[in-house]
Amino acid sequence: MLRAAVCVSRLCRGPAALRAPFSAAAASPIPAPNPRPDIACNKIFINNEWHDAVSKKTFPTINPATGEVICQVAEGDKADVDKAVKAAKAAFQLGSPWRRMDASQRGKLLNRLADLIERDRAYLAALETLDNGKPYSISYLVDLDMVVKCLRYFAGWSDKFHGKTIPLDGDFFCYTRHEPVGVCGQIIPWNFPLLMQAWKLGPALATGNVVVMKVAEQTPLSALYVANLIKEAGFPPGVVNIIPGYGPTAGAAISSHMDIDKVAFTGSTEVGHMVQKAAAESNLKRVTLELGGKSPNIIMSDADMDWAVDQAHFALFFNQGQCCCAGSRTYVQEDIYEEFVERSVEKAKNRVVGNPFDFKTEQGPQVDEEQFKKILGCINTGKQEGAKLLCGGNPAADRGYFIQPTVFGDVQDNMTIAREEIFGPVMQILKFKTIEEVIERANDSKYGLAAAVFTKDFDKANYVSHGLRAGTVWVNCYNVFGAQAPFGGYKASGNGRELGEYGLEAYVEVKNVTIKVPQKNS
């Protein structure tokens with residue numbers, strides 16, 4: 001999903017003005033990783049206590065670099081969700097410590113949680129890399145940096161997102177209150193476990209809600225460790241409850257629970273349909289969805305070629321290609337197409353794939369065997385449908401879930417690899433002639449999460465960015481994220497927005513209070 005205000009040396013090329021925001025964090029030293037961090041938390045967190053699953057079941061979490069089991073984790077299901085919801089409802093009762101807490105104090109608790117995450121940053125980065133497979137340098141410099149910034153950003157909103165007084169006609173005093181929605185179910189994905197946890201917790205807690213969170217079964221460990229820090233920070237029991245488990249059991253129980261007031265889901269469009277349907281068929285709970293994408297990245301013939309090649313490579317291959325907003329349809333204007341393809345292939349061939357704890361590694365393994373097989377299947381489909389395989393296309397190691405950086409040329413819009421989300425290190429390059437043509441082709445997708453255009457002509461940039469139907473459009477950059485800026489999709493890429501002031505709106509009810517007064521004066 002992302003570029004934070006950091007980047008590693010190979011990603012920092014390009015105009016100085018575009019490099020500047022990344023320099024401070026990239027210059028900070030990275031502590032040597034511990035490739036075998038102790039596993040401190042592998043149970044279910046309810047009411048600030050650790051529990052086995054009601055069923056006593058566990059499931060293995062796997063190291064994707066080796067295919068070996070890291071540890072067993074408690075397998076939550078409906079019974080555990082029911083326990084967590086009960087605890088959350090008690091924490092949200094009128095007159096409870098959480099409901100009576102000053103808004104500014106909620107901000108202090110979020111800042112304290114950010115402090116604790118900073119304190120344990122190296123451990124969390126190692127845990128993220130072990131369980132997810134992303135390079136440790138990225139976990140430490142990008143993911144953890146953005147987690148802390150996100151929590152601090154929403155901490156600042158805690159006492160600033162409020163209602164208004166309204167000049168109603170007649171002798172009345174009218175005002176609005178922003179009240180918390182209540183019990184919020186949150187289902188987070190495996191591609192950015194810590195960051196997606198922060199994206200969900202930040203606005204929910206800043207606005208006074210309570211949370212029942214299901215973490216991805218592929219990557220539960222880092223989010224569970226944060227539960228320990230939530231307790232240490234001083235959040236009252238029941239305010240945050242975290243359940244590892246599977247989507248069809250624990251996730252479905254959250255989506256359909258009659259006592260959950262809102263559900264937020266990040267993941268595939270296919271599962272997003274299920275979540276929204278379950279919410280509608282239960283208690284019509286509020287739903288926000290951040291779903292899949294097939295984002296167009298448009299390279300105009302006047303673009304800075306070196307920068308465009310670097311950024312298009314980053315747009316697709318970052319995080320092993322496991323980004324919902326990856327620039328997975330690279331449209332290149334015909335008069336620079338051949339040169340762009342040649343340079344992109346060379347860059348992909350030089351990408352370092354290997355041990356994610358090695359500082360030289362740029363690309364680690366895919367998250368699990370299922371994704372590994374799915375991506376290789378998509379590559380085979382691309383070859384069968386006539387796309388030209390220019391490099392890669394095979395496993396990159398004898399063990400673990402590594403895939404070679406792969407580039408396809410001569411891709412047509414009707415090919416499966418140009419229409420369906422691959423979620424892996426597979427770049428598809430398409431040719432176009434005119435601006436009008438590429439806007440129409442870029443919009444011809446069920447998705448609308450993100451897009452980008454590279455050009456030196458500001459008028460072209462404005463025209464294209466206004467014409468694209470996507471929740472985020474980057475100009476001469478890609479994967480630029482900040483907690484201040486909203487993120488979300490058009491069409492089948494979801495509904496609602498996360499981050500920024502917009503990200504708070506889904507977590508509050510707006511109550512209108514009107515009071516009869518003896519006499520109103522302006």
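Predicted model: local features only at pLDDT ≥ 70, side-chain atom pairs only at ≥ 80, totals over all residues.

Me: What makes the pairing of Lys214 with Glu217 a salt bridge?
Reply: The closest N and O atoms of Lys214 and Glu217 are 3.4 Å apart. A salt bridge needs a side-chain nitrogen of Lys or Arg within 4 Å of a carboxyl oxygen of Asp or Glu, so this pair qualifies.

Me: How do you know that Glu179 and Lys511 meet in a salt bridge?
Reply: Their N to O distance is 3.1 Å, and the cut-off is within 4 Å. Glu179 lies in strand β6 (residues 172-180) and Lys511 in strand β22 (residues 508-516), so the pair ties together parts that are 332 residues apart in sequence.

Me: What makes Lys360 exposed, and what is Asp358 called?
Reply: Lys360 has a relative accessible area of 59%, and exposed means over 50%, so Lys360 takes that label. Asp358, at 28%, counts as partly exposed. The two side chains meet in a salt bridge with an N to O distance of 3.5 Å. Elsewhere, salt bridges with shared partners join Asp115, Glu118 and Arg152 into one network.

Me: How many salt bridges does the structure hold?
Reply: The structure holds 26 of them.

Me: Which residues of helix α10 are buried, and what do they pack against?
Reply: In α10 (residues 247-256), the buried ones are Ala250, Gly251, Ala253, Ile254 and Ser255. They pack against α3 (78-91), β7 (183-187), β8 (210-215), β10 (262-266) and α11 (269-281).

Me: How do you know that the radius of gyration agrees with a compact globule?
Reply: A compact globule of 522 residues would have a radius of gyration near 24 Å, and the protein has 23 Å, so the two agree. Buried residues make up 59% of the 522. Among contacts with a separation of 6 or more, 75% come from residues 24 or more positions apart.

Notes. Residues numbered from 1 in each chain as written. Heavy atoms only, no water. Buried < 20%, exposed > 50% of the residue type's maximum accessible area, 1.4 Å probe, protein only. Helix = DSSP H or I, 4+ residues; strand = E, 2+ residues; numbered from the N terminus. Contact = heavy atoms within 4.5 Å. Rg over C-alpha atoms; globule rule 2.2 N^0.38 Å.
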